[in-house]
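Please look over the sequence and the model below, and then follow the report as it moves from single residues to the packing of helices and on to a pocket.

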Amino acid sequence: MTYAAVAVTVLLTIACGLTLWRIVRGPSTLDRMVATDVLLAITVAAIAAVAAVNRDGTVLPVLVVLSILGFTGSVGVARFVAREKK
């Protein structure tokens, strides 16, 4: 189990670093917003991985709230971009 936890930590750290690079380097605001949404998804995955390793279910409400926040943020930006394109 320890090897799996280390592998997940390494992969999530690499994904987080690449996503932060896209936020900094993103050529457009939409690219930065998508990268921010991906960063939120990585955060949710990291919290879920920690909860799975520790066998702790008390963080499930936090995961639900973060997921809803990410969804509403993505929908809001998509509506803003769609309105701006008209």
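Predicted model: local features only at pLDDT ≥ 70, side-chain atom pairs only at ≥ 80, totals over all residues.

G17 has its place in helix α1, and although G17 and L39 are 22 residues apart in sequence, their C-alpha atoms are 9.4 Å apart in space.

Helix α1 also holds T19, and here the accessibility gives another class: T19 has a relative accessible area of 9%, and so T19 is buried. Which residues does T19 touch, if those up to four places away in sequence are not counted? The contacts of T19 are with A35, V38, L39 and I42.

T9 is a further residue of helix α1, and with a relative accessibility of 48% T9 counts as partly exposed. Between T9 and A46 there are 37 residues of separation along the chain, while their C-alpha atoms are separated by 7.7 Å.

R55 is found in the loop that runs between α2 and α3, and its relative accessibility of 77% is the reason why R55 counts as exposed. The backbone of R55 has a positive phi of about 55°, although R55 is not a glycine.

S67 belongs to helix α3, which covers residues 60-85, and S67 counts as partly exposed because its relative accessibility is 41%. S67 and I23 are 44 residues apart in sequence, and from C-alpha to C-alpha they are 20 Å apart in space.

| Pair | Separation in sequence | C-alpha to C-alpha distance |
|---|---|---|
| G17 and L39 | 22 residues | 9.4 Å |
| T9 and A46 | 37 residues | 7.7 Å |
| S67 and I23 | 44 residues | 20 Å |

For α2 and α3 the angle is about 170°, and the axes are 10 Å apart. Because an angle over 145 degrees counts as roughly antiparallel, α2 is roughly antiparallel to α3. On the side of α2, the contact is made by L30, M33, D37, L40, V44, I47 and A48, and on the side of α3 by L63, L66, S67, L69, G70, G73, S74, V77 and V81. Sorted by class, the contact of α2 with α3 has 11 nonpolar, 4 polar and 1 charged residues. S67, described above as partly exposed, is thus one of the residues of α3 in this contact.

The last topic is the largest pocket, which has a volume of about 160 Å³. Its lining is made up of 11 residues, of which A5, V8, T9, A49 and V53 are the closest to the centre of the pocket. Which helices each supply at least two residues of the lining of this pocket? They are α1, covering residues 2-25, and α2, covering residues 29-54. By class, the lining of the largest pocket divides into 10 nonpolar residues, 1 polar residue and no charged residues.

Methods:
Residues numbered from 1 in each chain as written. Heavy atoms only, no water. 1 Å grid on protein atoms, 1.4 Å probe; cavity = no way out; pocket = protein on both sides within 12 Å on 5 of 7 lines; lining within 4 Å. Points joined across faces, edges and corners; volume = space filled by probe spheres on them. Helix = DSSP H or I, 4+ residues; strand = E, 2+ residues; numbered from the N terminus. Nonpolar A, V, L, I, M, F, W, Y, C, P; charged D, E, K, R; others polar. Buried < 20%, exposed > 50% of the residue type's maximum accessible area, 1.4 Å probe, protein only. Axes fitted to C-alpha atoms, helices over the stretch in contact; angles between N-to-C directions. Parallel < 35°, antiparallel > 145°, perpendicular 65-115°, else oblique. Contact = heavy atoms within 4.5 Å.
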